[in-house]
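Biologist: I would like to understand how two parts of one chain meet. Can you take me through it?

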Amino acid sequence: MEFSTLVTALLVLVPAWLLGKRALRSWAMRTFTTVPDLHRAGTPRKAGRVAGTAVVCGGSIGGLFAARLCADHFERVVVVEPEGWTFTPEARAPPVDNIAEVVKDDATYKTIKHKRTRVYQYTSIHGYQAFLLDTLRHLFADFEEVAHAFGALIAPADPYALLNGKYLWPTAWAQYGGTGLPSTIQCTRRTLEPMLRKLVSTSRPEIEYVQGTVTDYIVGDDGAIRAVVLRDADGASKEIESALVIDCTGVAQVGLKLLSRALPPNTLPSNIREQYNPQMNYSTFDFPAIPGFNDSLRAMNILRPDGGEITDWEKFSAFFVYHPDPTVEHRSLAFMRKENGGVVLLAGGWASEMPVTVDELREFVSKLKNLDRVPKHVFPLLDIFKEYEHTATVSESRCNSCSRLHYARAAKILPRNFIALGDSHMRMNPRFGEGTTKAALSALTLDGVLRDLSPQDPSFGATFFKRLDSRTGQVWDGAKYADYGHVTTTPAPGESLTDGKFPRWFNGKLYATLETSPAVSSALWHVGQFIAPPLDLFAPAVLWAVLRETVWPSS
Ligand SMILES: Cc1cc2nc3c(=O)[nH]c(=O)nc-3n(C[C@H](O)[C@H](O)[C@H](O)COP(=O)(O)OP(=O)(O)OC[C@H]3O[C@@H](n4cnc5c(N)ncnc54)[C@H](O)[C@@H]3O)c2cc1C
């Protein structure tokens with residue numbers, strides 16, 4: 001080949017390759033993440049507001065995000081929520097804990113009594129990803145101020161995490177120059193929900209809140225939902241005319257029940273609901289600020305997994321996260337921070353025992369299979385927790401059902417103006433700690449669809465569910481197939497625990513290479529924070545690491 005031909009070929013091919021790579025990245029971000037939607041959100045709707053009312057059924061995390069975003073699109077937004085307490089000033093303020101004593105077998109512990117009776121997980125440990133913080137910051141101008149007033153910690157999303165015995169974050173840590181890592185928010189659920197309620201109510205005072213239980217949808221002649229029927233606090237039935245109906249009723253998943261009543265009999269496909277049981281049990285230990293806690297951490301001279309010394313303990317959101325390979329261990333642990341300098345711990349797992357005292361917790365930790373990989377600081381931390389046990393509360397959580405509603409399978413039958421998001425669309429194993437970020441990204445997906453289509457458009461609902469599936473489907477599969485690695489899981493009807501063998505094998509290889517492949521740990525960290533598409537887990541450098549691990553396995 002002549003030199004000039006080679007130069008011409010390179011001049012054409014290199015830019016084409018670069019452009020192609022850029023186009024692929026942009027497509028992957030648009031399709032599998034909600035990052036581009038977040039950039040568009042919060043701005044006025046170009047086509048002017050949609051006439052009519054967006055009716056948000058359920059006023060919790062998903063409903064509050066949906067209401068905030070719909071306020072940019074609709075003339076009127078109404079949130080229908082049955083729980084009377086959510087309408088009180090207390091439900092928009094930092095929590096004040098009422099403590100009660102529980103006697104269990106031969107152990108006694110203190111627990112928190114609260115008024116949020118319809119949210120089972122109100123006192124369970126919650127962890128969040130960087131994308132949730134990005135969303136809160138983008139949507140609420142006063143977020144930093146309000147978060148500060150609620151005592152929430154904003155810190156690098158740095159879980160000091162061991163995935164099957166290998167450290168996750170050194171690469172991301174180095175990439176961002178240490179504490180320059182993208183941040184996340186750390187606070188309990190009973191702080192996050194009132195904080196979000198406060199943010200939404202002050203930023204969009206025009207949103208209306210109605211106390212009531214949604215009991216029916218009325219479908220009009222055009223096949224769309226004409227009105228939502230609710231039973232109010234006095235037991236009276238009321239109708240709200242609806243331009244869009246958003247089911248945010250959480251685990252109750254009321255939308256599917258009401259659709260099956262509102263639509264002609266037997267029109268909905270029977271395979272909409274997919275459900276399995278991971279038998280997930282765990283305890284949350286919740287400590288208010290422990291005096292001198294950060295000084296004690298410093299005195300332990302804990303090294304970072306990459307060998308560096310940790311000096312800025314205040315900026316660490318987690319001290320220890322132990323996420324097991326299902327073939328090795330069913331127990332899981334997490335030691336994290338919460339608001340106002342407190343600490344929360346998770347101990348439990350798949351069909352696991354649930355420790356409720358620090359002595360039981362110590363026994364639980366000592367049973368971990370790869371104990372030699374548990375960092376040395378964990379046992380001295382347990383000593384501190386023992387000393388302050390009298391200040392802690394404990395709550396026990398069980399999750400016996402994970403469910404995904406495949407509304408896209410009914411796209412041709414569903415009313416065009418019905419959508420569902422948050423747990424009412426997909427309730428995942430809480431151990432993966434992704435439900436809140438998923439609720440936020442689902443509401444942002446709705447915002448994106450509203451910027452492209454009118455809810456009058458016949459394809460509105462179908463477009464929403466299609467986009468939502470491409471952003472949440474892999475999250476569901478990832479958690480489900482990891483759960484199928486535990487023999488105690490009851491699989492979904494028609495499936496078996498051998499399903500997902502390849503993703504489990506691939507994941508095992510990824511975990512094994514975490515400490516030797518910067519490409520793998522960076523991809524897992526960014527995908528896990530919902531700021532990069534899962535496609536990154538198939539990048540050439542990642543596949544090369546997996547191949548290397550397959551041919552020359554590490555220990
Ligand atoms: C034990 C446990 C631990 C968890 N840990 C984490 C974690 O670490 N990180 C994380 O991100 N997520 C976690 N999650 C998941 C997270 O809590 C949920 O994903 C999140 O609450 C979903 O919000 P939502 O608004 O969809 O539903 P919910 O918060 O369940 O709210 C549903 C709302 O609908 C209302 N409602 C019910 N029926 C009706 C009706 N008929 N009409 C009108 N309103 C109705 C309810 O009163 C409630 O306000 C955990 C979940 C569990 C169970």
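Biologist: How much area is buried between domain 2 and domain 3?

Modeller: This is a predicted model, where local features need pLDDT of at least 70, side-chain atom pairs count only at pLDDT 80 or more, and totals for interfaces use all residues. Residues are numbered from 1 along each chain, and side-chain values use heavy atoms, without hydrogens and water. Buried area is the accessible area (1.4 Å probe) that two parts lose on being put together, summed over both. Carbon and sulfur atoms give 61% of the total, which is about 1300 Å².

Biologist: Which residues of domain 2 lose the most area to domain 3?

Modeller: Domain bounds come from an automatic or database assignment. Domain 2 covers 153-178 + 280-399, and domain 3 covers 500-554. Together, three residues make up 37% of what the domain 2 side buries: K166, L168 and T171.

Biologist: Which element gives the largest share of the domain 2 side that touches domain 3?

Modeller: Helices (H or I, at least four residues) and strands (E, at least two) are DSSP runs, numbered from the N terminus. β7 (166-167) and α6 (170-175) each supply at least two residues there. The largest share, three residues, comes from α6.

Biologist: How many salt bridges are there between domain 2 and domain 3?

Modeller: A salt bridge needs a side-chain nitrogen of Lys or Arg within 4 Å of a carboxyl oxygen of Asp or Glu. The domain 2 side does have three charged residues (Asp, Glu, Lys or Arg). Still, the count between domain 2 and domain 3 is zero.
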